[in-house]
Amino acid sequence: MKNLLFLLFCAASFTLQAEVKICAHCGKGSRHMRYSAENRYFCSKRCAQAKFSCYICRRIPSGRYMIFMGITGESRRYCSSCSQHPKCFSCFYPAARWKMLKDGRTQCLDCSRTALAYPQALQLLQQLRLDLAEMHDFDPHHRITLRLVSKNALRKITSDPRALGCMKVLVTTREERKGLKKKVSKEWQCTLYILDNLPRTAAAKVMTHELTHDYLYHHAGSGKNPKITEGICEAVSGQWLLLKKHKGFFEAMQKNPDPVYGAGFREIYPQLERCELKELIRRYRREFTPF
């Protein structure tokens, strides 16, 4: 009789232990795992809510779901209905609540709260010029005109549909004669065009990129290889982002599949970490045409 009771106790213990499932995310065991994937990976309700719920409605998708990668490199999960919401032009995520700008762009309310108006954008530009002067000896005093433009106006300036800003430089040459001597002087007119209503960090990233273009115009000339030119600008922008602890933006730049901006950044950034910007420009002097 004792042996029979002992066997029944062992069988019950084995059954209870067999029913305990280990959560694939938190590592805790429970007999009430409600969610599983192909009956192999089990997940508690709490972890499933945190890991697999829709970013907008906070429900766990019962069917197909969509994953969107934002400008900061963070991926978010959306159910099939919420993924149909308009995408914000600033963060690239479907917006739960949004507003429509005058030129037809959709912007979520989160990005709208940090969108820059002209006075704040001008202050940001001045601060960035001081930061770059400390980092790579940029000239923070020569005149640069800032313009906040709409999407349609920016498309007339640059043909790149993904561009959030661009720098235009007009160089005028003057010749002055004093007797037999001739003096040639150059005047630079730099205009920075930035898409309006950008959030602060995104606008700072674009401004840093374009200010590096201005530096290259002054110290090297016009770039002949877009991969090298854009790679240098992206590398300086990446350094500033890490300095200001915007790691998400930096990681997104590292993962950028673009053959010009992404590949150029991955090629130039390690070199810029080992030497100064002026030395890097001397290495690629043949890739530029002086004005």
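Helices here are DSSP runs of H or I with at least four residues, numbered from the N terminus. The model is predicted, so local features need pLDDT of at least 70 and side-chain atom pairs count only at pLDDT 80 or more, while totals for chains, interfaces and linings use all residues. Residues are numbered from 1 along each chain as its sequence is written, and side-chain values use heavy atoms, with hydrogens and water left out.

Helix α7 covers residues 226–243. Its 18 residues reach 26 Å from first C-alpha to last, close to the 26 Å expected at 1.5 Å a residue (the expected span is 1.5 Å times one less than the number of residues). At its start, a side-chain oxygen of N225 comes to within 3.1 Å of the backbone nitrogen of K227. After α7 comes K245, with a positive phi near 65 degrees. Of the 18 residues in α7, 14 are buried (under 20% relative accessible area, 1.4 Å probe, protein chains only).

One partner of α7 is helix α9, residues 261–274. Their axes, lines fitted to C-alpha atoms over the stretch in contact, come within 7 Å and cross at roughly 65 degrees. Residues of α7 that meet α9 include I228, I232 and L242; on the α9 side they include F265, I268 and L272 (contact means heavy atoms within 4.5 Å).

I232 also belongs to the largest nonpolar core, which has 52 residues. Such a core joins buried Ala, Val, Leu, Ile, Met, Phe, Trp, Tyr and Cys residues through side-chain atoms within 4.5 Å. I232 is among the residues with the most contacts inside this core, as are L192, M207, L277 and L280. Helix α6 (residues 200–219) supplies the largest share, 9 residues.

Notes:
Buried means under 20% relative accessible area, exposed over 50%, partly exposed in between (1.4 Å probe, protein chains only). Helices (H or I, at least four residues) and strands (E, at least two) are DSSP runs, numbered from the N terminus. A polar contact is a pair of N or O atoms within 3.5 Å; within protein, one must be able to donate a hydrogen and the other to accept it, and residues adjacent in sequence count only if both atoms are side-chain atoms. Axes are lines fitted to C-alpha atoms, for helices over the stretch in contact, and angles run from 0 to 180 degrees between N-to-C directions.
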